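Okay, thanks everyone, I'll keep this short.

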Amino acid sequence: MKKKKLGNTGIEVSEFGFGVMTIGSSQLDLPLEEGAELIRYGLENGLHFLDTAQYYETYPYIREALKKTDVHPVICSKCLDPTYSGMRSAVEEALRELDLEQIDLFLLHEVRNDPDWENRAGAWRCLQDMKKAGLVKAIGVSTHHVDVAQRIAGTPEADVLFPLINFQSLGIRKGDGPGTKEEMAAAIRACSEAGKGVFAMKAFGGGNLTGSYVEALDYVRSLPGIDSIMIGFGKKEEVDRIREYADGTLPKEYRPDLSEKRIRIDQGDCEGCGACKERCPNHAIFWNENGLAQVDPDVCITCGYCAPVCPVRAIILL
């Protein structure tokens, strides 16, 4: 698999990366050995770039996988805590749990429109200090928001951007409303031209665009300024397909089998706004005991009508 320089960071990453969230407790919740084996398989097949986060609780999977391979991947982690002390604790936790002296990338996790940036001033200052101390190689933000991506282009301290983008604009935000793929693509290009490394998330829109597999990947891969595309994997067969796509051996007409996949609502992302519940034509979404939306698999017909109306990209197809 081809590798590219991640902006001006000096870090080299594979064209496609392995998003580790999918195997964790908030999604597939794979047993430790099974999840670690899947990561090892991905590493051995060219996916040398791993993305995780403090709240994913997936460090044990990565640690176990690294014991079984000679591959030394680039690792990115993230933290939601807005405070200096919380971010410092998160960086130290990642280094300890992954048995590292330095982590390649550490980001502010899911930064939203103002005042979120200002509220995270302490955490951002901490990341700059962690970089100066040599504990982190490069710092930046992950975001679903066009506004934030635009801001990073003019933020000299930021080395990288991890934005959401896909050919249907699913999950892209701007201010308090939806954003478009064109707006996010322009922000990505501006960041790249400013020397920022850019790796993209949600090319498949949380799995909802997987049926248009090649089209979805072709769109993101064609965008100027993107150095790598992060994909979530739940099976070895999915790793095989992305490798074939990267090598140019996957047929253009390829359509994955989605018959066993089900609509799920990530409880860590859901904000209980009710948009999906109102949109569902089959009344398959209900409020659970935590006041969050949940899908009844016995009623859901996997039509996917709910996914486009979710403002926080909490609806996934797994």
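Predicted model: local features only at pLDDT ≥ 70, side-chain atom pairs only at ≥ 80, totals over all residues.

Let's start with Asp-116. You'll find that residue in helix α4, which covers residues 116–119. So is Asp-116 buried or exposed? Its relative accessibility is 16%, and the cut-off for buried is under 20%, so Asp-116 counts as buried. And what does its side chain reach? That would be the backbone nitrogen of Arg-112, at 2.7 Å. If you skip the neighbours within four places in sequence, Asp-116 also touches Glu-110 and Val-111.

Asp-176 is 64 residues away from Arg-112 in sequence, yet the C-alpha to C-alpha distance is 9.4 Å. Asp-176 sits in the loop between β9 (173–174) and β10 (177–178). With a relative accessible area of 73%, Asp-176 is exposed.

Okay, on to the helices. Helix α1 is residues 32–44 and helix α9 is residues 236–247; their axes come within 10 Å and cross at roughly 15 degrees. Angles under 35 degrees count as roughly parallel, so that's what we call α1 and α9. The crossing is right-handed, by the way.

Who makes the contact? From α1 we have Glu-37, Leu-38, Tyr-41 and Gly-42, and from α9 it's Lys-236, Val-239 and Asp-240. Sort those by class and the α1–α9 contact has three nonpolar, one polar and three charged residues.

That's what I had, thanks.

Terms used: Residues numbered from 1 in each chain as written. Heavy atoms only, no water. Helix = DSSP H or I, 4+ residues; strand = E, 2+ residues; numbered from the N terminus. Buried < 20%, exposed > 50% of the residue type's maximum accessible area, 1.4 Å probe, protein only. Polar contact = N/O pair within 3.5 Å; in protein donor to acceptor, adjacent residues only side chain to side chain. Contact = heavy atoms within 4.5 Å. Axes fitted to C-alpha atoms, helices over the stretch in contact; angles between N-to-C directions. Parallel < 35°, antiparallel > 145°, perpendicular 65-115°, else oblique. Left-handed = near helix turned anticlockwise from the far one by under 90°. Nonpolar A, V, L, I, M, F, W, Y, C, P; charged D, E, K, R; others polar.
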